[in-house]
Amino acid sequence: MTDPVDPAVEAPAPPPGTPNSEARQWALIAHVSALLGFVLPFGNLIGPLIVWQLKKDMDPFVDDQGKEALNFQITVTLMLVVCVLLMLVLIGLLLAWVVGIAALVLVIIAAIKSNEGTAYRYPFCWRLIK
């Protein structure tokens, strides 16, 4: 007879194909590490790149989400370079704010989704790393 308080009995096994909690945590870190870009120059690229390179062999979910975070940050960086060029005609400053806020919101959404175990796909993302 099993004890009803036993945590092994209460916690059901995750369905097949669902990433475990450690994989979900590393996927979340891959997305959130892009916020280093608000502190360090090119930190938005360095954070996801380091997490992806260190943990891509751990789980296919971490590999997928690490690539997705890195691809999105490459896209954001390219957009910001275009914004800097457009600052010569004054529209670039406004566009840089729009890109920054959109990137922040999308990173937060991706972090939440990946922590739930859902593979998130960023909109408007140029996927260079396959």
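1. Helix H5 spans residues 91-115, which is 25 residues, and reaches 36 Å from its first C-alpha to its last. That span is close to the 36 Å expected at 1.5 Å a residue, where the expected value is 1.5 Å times one less than the number of residues. Helices here are DSSP runs of H or I with at least four residues, strands are runs of E with at least two, and both are numbered from the N terminus.

2. The structure is a predicted model, in which local features need pLDDT of at least 70 and side-chain atom pairs count only at pLDDT 80 or more, while totals for chains, interfaces and linings use all residues. Residues are numbered from 1 along each chain as its sequence is written, and side-chain values use heavy atoms, with hydrogens and water left out.

3. The protein chain contains five helices and zero strands, and its pattern along the sequence is α-α-α-α-α. Of its 130 residues, 32% count as buried; buried means under 20% relative accessible area, exposed means over 50%, and partly exposed lies in between, with a 1.4 Å probe and protein chains only. Among contacts (heavy atoms within 4.5 Å) between residues at least 6 apart in sequence, 65% join residues at least 24 apart.

4. Which residues of H5 are buried? They are Gly 92, Ala 96, Val 99, Ala 103, Leu 106, Val 107, Ala 110, Ala 111 and Ser 114. Their cover includes helix H2 (21-32) and helix H4 (60-86). An α-helix has 3.6 residues a turn, so residues three or four places apart point the same way.

5. Two packed helices are described by the angle between their axes and the distance between the axes. H4 and H5 pack at about 170 degrees, with axes 8 Å apart. This makes H4 roughly antiparallel to H5. The axes are lines fitted to C-alpha atoms, for helices over the stretch in contact, and angles run from 0 to 180 degrees between N-to-C directions. Angles under 35 degrees count as roughly parallel, over 145 as roughly antiparallel, 65 to 115 as roughly perpendicular and the rest as oblique.

6. On the H4 side of this contact stand Phe 61, Gln 65, Phe 72, Gln 73, Val 76, Met 79, Leu 80, Cys 83 and Leu 86. They meet Ile 91, Gly 92, Leu 95, Ala 96, Val 99, Ala 103, Leu 106, Val 107 and Ser 114 of H5. By class, the contact of H4 with H5 has 14 nonpolar, four polar and no charged residues. Ala, Val, Leu, Ile, Met, Phe, Trp, Tyr, Cys and Pro count as nonpolar, Asp, Glu, Lys and Arg as charged, and the others, Gly among them, as polar.

7. The largest nonpolar core has 13 residues, of which Phe 72, Val 76, Leu 106, Val 107, Tyr 120 and Tyr 122 touch the most other members. H4 and H5 each supply at least two residues of this core, and H5 gives the most, with six. Such a core is a set of buried Ala, Val, Leu, Ile, Met, Phe, Trp, Tyr and Cys residues joined through side-chain atoms within 4.5 Å.

8. Phe 72 lies in helix H4 and is buried, with a relative accessible area of 3%. Leaving aside neighbours within four places in sequence, Phe 72 is in contact with Ala 103, Leu 106, Val 107, Tyr 122, Pro 123 and Cys 125. Phe 72 and Arg 121 are 49 residues apart in sequence, yet 9.1 Å apart in space, C-alpha to C-alpha.

9. Where is Lys 67 found? Lys 67 belongs to helix H4 and counts as buried because its relative accessibility is 17%. Apart from neighbours within four places in sequence, Lys 67 is in contact with Trp 52, Ile 129 and Lys 130.

10. Most residues other than glycine have a negative phi, and most peptide bonds are trans. Phe 42, although not a glycine, has a positive phi of about 60 degrees; Phe 42 sits in the loop between H2 and helix H3 (43-55) and counts as exposed at 54% relative accessibility. Phe 124 is not a glycine and has a positive phi of about 60 degrees; Phe 124 is in the segment after H5 and is exposed, with a relative accessible area of 73%. Just after H5, Gly 117 takes a positive phi of about 95 degrees.
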